[in-house]
Amino acid sequence: TGSSRPQRMLKAVQKNATKGDPQSVISAIDHYCRHKEWAMNVGDDKGLILDSVLTEVNPSTALELGTYCGYSTVRIARLLSPGSKLFTVEFNPAFAEVARQIIAYAGLQDKVTLVEGSSGDLIPKMKEQFGIKYFDFVFLDHWKDRYVPDTKLLEDCGLLKKGSVLLADNVICPGAPEYLKYVRNSPRYESRYYKSNLEYTKVEDGLEKSVFLG
Ligand SMILES: Cn1cnc(CNC(=O)c2cc(-c3ccc(F)cc3)cc(O)c2O)c1
Ligand SMILES: [Mg+2]
């Protein structure tokens, strides 16, 4: 059988990027997805917003829900301070396999722990399994109908502290209407919408940044 889109993306990285150079991995994926075949990475436009929020928060322990091929994993991990850690959760084993190779190609494997499984199952186990106290930063980019239940789970498991930042992708396209209602109406969050566009297109999309107030 033929290759998959994630496997073709990995090939493009191995062909066009420099081993150990995260920026070249990001550029190789963006070029491939803009000129060869679209893929659901956060992309370069929203990626710049992700970079700026991440740099502002400078998290010690970050969580990503929805690894896919590891594009945003590389974007986040490349900006972490020494000793900081990124945990990323992916349900799909084929995606996880490609992501591991892309993260390793970027040379970021020591900063990243990729956990395979469903976020709903894994979040309650993270404190005990990885000795995590809190997440300073959470990037939500998995199934859009999981954004609300997993945010509630993070709260209930005591994994958010005052000032923890949630950044959610795709709040317009494909959309996460219940999530926007939840964080915008809750007294426990201060939310702000960053208008942008769906990766590699002119369609509107954006990121919602929500600060947990404790
Ligand atoms: C299967 N699967 C594994 N992970 C996920 C979660 N991610 C998404 O669903 C996702 C979807 C889109 C998108 C798809 C089609 C379209 F026409 C427009 C937008 C964009 C994104 O940035 C996403 O994150 C889905
Ligand atoms: Mg997305």
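K46 is buried, at 0% relative accessibility, where buried means under 20% relative accessible area, exposed over 50% and partly exposed in between, computed with a 1.4 Å probe on protein chains only. The model is predicted, so local features need pLDDT of at least 70 and side-chain atom pairs count only at pLDDT 80 or more, while totals for chains, interfaces and linings use all residues. Residues are numbered from 1 along each chain as its sequence is written, chains are lettered from A and ligands numbered from 1 in the order in which they are written, and side-chain values use heavy atoms, with hydrogens and water left out.

K46 belongs to helix α3. Helices here are DSSP runs of H or I with at least four residues, strands are runs of E with at least two, and both are numbered from the N terminus. The side chain of K46 makes a polar contact of 2.7 Å with that of D169. A polar contact is a pair of N or O atoms within 3.5 Å; within protein, one must be able to donate a hydrogen and the other to accept it, and residues adjacent in sequence count only if both atoms are side-chain atoms. Residues up to four places away in sequence aside, K46 touches D169, N170, S196, N197, L198, E199, D205 and L207. Such contact means heavy atoms within 4.5 Å.

The magnesium ion (ligand 2) is coordinated by D141 (OD), D169 (OD) and N170 (OD1), at 2.0 to 2.2 Å. Donors are N, O and S atoms within 2.8 Å of the metal (3.2 Å for Na, K and Ca); water is not among the atoms, so sites may look incomplete. The donor residues follow the spacing D-x27-D-N in sequence. Distant parts of the chain are linked in this way: D141 sits in the loop between β4 (135-140) and α8, and N170, 29 residues apart from it, in the loop between β5 (160-168) and α9 (171-175). Both D141 and N170 are buried. For N170 the relative accessibility is 4%.

The backbone has several marked positions. Most residues other than glycine have a negative phi, and most peptide bonds are trans. N170, although not a glycine, has a positive phi of about 65°. N58 is another non-glycine residue with a positive phi, near 45°. N58 lies in the loop between α3 and β1 and is partly exposed, with a relative accessible area of 41%. C173 and P174 are joined by a cis peptide bond, with omega about 5°. P174 is placed in helix α9. G158, which follows α8, has a positive phi near 65°.

Helix α8 (residues 147-156) packs against helix α10 (residues 177-185) at an angle of about 35°, with the axes 8 Å apart. Axes are lines fitted to C-alpha atoms, for helices over the stretch in contact, and angles run from 0 to 180 degrees between N-to-C directions. From α8, the contact uses Y147, V148, T151, K152 and E155; from α10, it uses E178, Y179 and Y182. Among the buried residues of α8 are Y147, V148, T151 and E155. D150 and L154 of α8 are buried too.

The largest nonpolar core holds 43 residues, of which M9, V25, I29, I76, I102, F137 and F139 touch the most other members. A nonpolar core is a set of buried Ala, Val, Leu, Ile, Met, Phe, Trp, Tyr and Cys residues joined through side-chain atoms within 4.5 Å. Two or more residues come from each of α1 (5-16), α2 (22-35), α3 (43-57), α4, α5 (93-105), β3 (112-116), β4 and β5. I29 touches M9, V13, N41, Y71, I102 and Y200, not counting residues up to four places away in sequence. Another core, of 26 residues, lies apart from the largest one and includes L140, L160, L180 and V183.

G70 lies in the loop between β1 (61-65) and α4. G70 is buried, at a relative accessible area of 0%. S84 lies in the loop between α4 (71-77) and β2 (85-90) and is buried at 9% relative accessibility. A polar atom of the S84 side chain lies 3.1 Å from the backbone oxygen of P59. With residues up to four places away in sequence left out, S84 touches P59, S60 and K111.
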